[in-house]
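Work through the exercises below with the sequence and the coordinates at hand. Each task is followed by a solution in steps.

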Amino acid sequence: MRISDTSPTTPSSPASPRPRDHVDVVVVGAGIAGLYALHRLRSDGWSVRVFEAGPDIGGVWFWNRYPGARCDVESVDYSYSFDTALQQEWDWSEKYATQPEILRYLHHVADRFDLRRDITLDTRVVDMSFDESSSSWTVRTDRGEEVTSRFCVLAVGPLSSANIPEIPGLDSFSGQIVHTSSWPEDVDLTGRRVGVIGTGSSGIQAIPHIAREAGDLYVFQRTANFSIPAGNRPLDAQTRAQYKRSYDERRRLSMESGGGSPHRPHPESALAVTDDERRIAYEKRWQLGGVLFSKTFPDQLTDRAANDTARSFWEQKIRAVVDDPAVAERLIPGDHPIGAKRICTDDNYFETYNRANVHLVDVRQSPIDCVVAEGIRTAGETIGLDVIVLATGFDAMTGSIDRINIVGRDGQTLKQAWSAGPRTYLGLGVDGFPNLFNIAGPGSPSVLANMVLHAELHVDWVADAIGHLDAAGRRSIEATTEAVDAWVADCADRADNTLMPQANSWYLGANVPGRPRVFMPFVGGFGVYREIIADVAADGYRGFALMPAEELT
Ligand code: NA7
């Protein structure tokens, strides 16, 4: 039975100003996925409470305010598809939206669908435990609140727990230290000596902006990275109208695609076409801009020789724009195939190294020894700094889940269950943890797909599953151990058949000391994954045990 049936008032109703302490569903996180989960589940008639650790909604798009922060997926695609009117009324101003514009959009969505009344801000969920006798979760927050619910949805984001590097002496720095994912409002870089550690997507987006403001900028690069110019541009009224007219087709293509984008790769192998055809195809993708360069040809991420054709095209482009050939060499990755780490999307990143105030420090040649009060000490020298920017990324995919003490059946914690690496069925369920759903976590395409469409796909699947349980008189749903084992093995096989595990990436947890090395996302493609989970649902939730209500005490 729905809790909303027995307890009809909402937290914002004048008769009951106190938030409920018993709901059908608790959602953790009010980012893109959490907001849609609230909307969909509430529309289905369930009572829902959302807890958000931040002071406002938006998730990563609330926190990642570093200079130059943008999405690397085109704005028209990186937007909700669930409501046609919303899609038609919202105008994106640029091809790639900035962080402030995406946050404005999410505020618009929250207001339009009246979401805020069920969201509790500034409140971190710290503990969740499952009670078998009542088949419900007890959720505790850092503010001492305790809420019970039949279902829990983790919408905590795969890239939301900052990776702070263990560099000796970090605390002794006398200047300011900031992490890109929690950029404070009061950072003034004008004319100052700035050190940026990290050259992933965040560093590569921020560096050109910081270089324009700073006196001197020192970039501490551990691993050179592949990046493609965004080719960003304002969207005029005509282009926006054309996008809006084509939304149905755009969404259809995206849902069927490998990565949740409407752009299709070349139909043939990179090795089957002539040199000219290959060059034209790469040039077209280069002009399209950004991360989709890794999907120019279908075998680019499975065949090393095919991958090398992309790499050599890319290298020529970079050598052509970096003035100093020695600097260019250091900026060209030599240790991993192109696309095995997420390709970055930049705006004049490589050209920035032509500026006199920008200095590249290769920390493989001159390792960072420690941070001292006046700056960063490398093997060769002490570099004096006023500000250190940590663009060091995230404890990806499992970091934010790990922060919550999740206790399932028989007192088992999720941390114990995942001690050798995350284990899920379809990314959505874990054996031993009934009625707990994970959005865009390990075992799903997650970060390899368009995260907005991915959130909608997962939330819709979860909402349908909850509706199915209710209609079928079942109280709980739990992935079986056999299904989890088979899915983990399938995900590993699929990853091993690609070049992806050849890079020390955060996909593998390789960026965080002590993390088990397991390739976490499902690499089989967004469209394929969508068919698999739809088929599982159509087959009576194959691989899940659905517990009849009467078996509960
Ligand atoms: P990333 O892609 O994980 O990049 C982090 C960068 O920080 C990367 O260059 C790391 O080098 C570097 N790093 C991390 N720790 C250290 C230490 N201890 N010393 C030196 N350098 C270090 O995070 P981003 O925030 O840029 O992007 C994450 C995703 O967000 C991105 O893919 C988009 O999907 C959005 P490494 O490569 O590990 O040698």
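The model is predicted, and local features need pLDDT of at least 70, side-chain atom pairs count only at pLDDT 80 or more, and totals for chains, interfaces and linings use all residues. Residues are numbered from 1 along each chain as its sequence is written, and side-chain values use heavy atoms, with hydrogens and water left out.

**Exercise 1.** Determine the strand order of the open sheet of 5 strands and name its edge strands.

Solution. 
- Strands (E, at least two residues) and helices (H or I, at least four) are DSSP runs, numbered from the N terminus. Two strands pair if DSSP finds at least two bridges between them.
- The order is E7-E16-E8-E9-E12, and the pairing is parallel.
- Strand E7 (176-179) and strand E12 (358-362) are the edges, as each pairs on one side only.
- Neighbouring strands are turned by 20° against each other on average, direction ignored; axes are lines fitted to C-alpha atoms, for helices over the stretch in contact, and angles run from 0 to 180 degrees between N-to-C directions.
- Between E7 and strand E16 (residues 387-390) there are 4 bridges in the parallel sense. Ile177 has Ile388 as its bridge partner in E16.

**Exercise 2.** Find the strands that helix H6 touches.

Solution. 
- Contact means heavy atoms within 4.5 Å.
- Helix H6 (residues 201-213) packs on the sheet and touches strand E8 (193-197), strand E9 (216-221), E12 and E16.
- The direction of H6 makes about 155° with that of E9.

**Exercise 3.** Trace the two hairpins that involve E14.

Solution. 
- Strand E13 (residues 368-372) and strand E14 (residues 375-378) run antiparallel, joined by 4 bridges. The bridge partner of Ile368 in E14 is Thr378, and 2 residues link the two strands in a hairpin.
- E14 also runs antiparallel to strand E15 (residues 382-384), with 3 bridges. Here Arg377 stands opposite Thr382, and 3 residues lie between the strands of this hairpin.

**Exercise 4.** Describe the shell around the ligand and its polar contacts.

Solution. 
- The ligand is surrounded by 17 residues, the closest being Ser201, Ser202, Arg222, Thr223 and Lys341.
- By class, the shell has 6 nonpolar, 8 polar and 3 charged residues.
- Ligand oxygen atoms lie 2.9 Å from a polar backbone atom of Thr199, 2.7 Å from a side-chain N or O atom of Lys341 and 3.4 Å from a polar side-chain atom of Trp506.

How values were computed
Near = heavy atom within 4 Å. Polar contact = N/O pair within 3.5 Å; in protein donor to acceptor, adjacent residues only side chain to side chain. Nonpolar A, V, L, I, M, F, W, Y, C, P; charged D, E, K, R; others polar.
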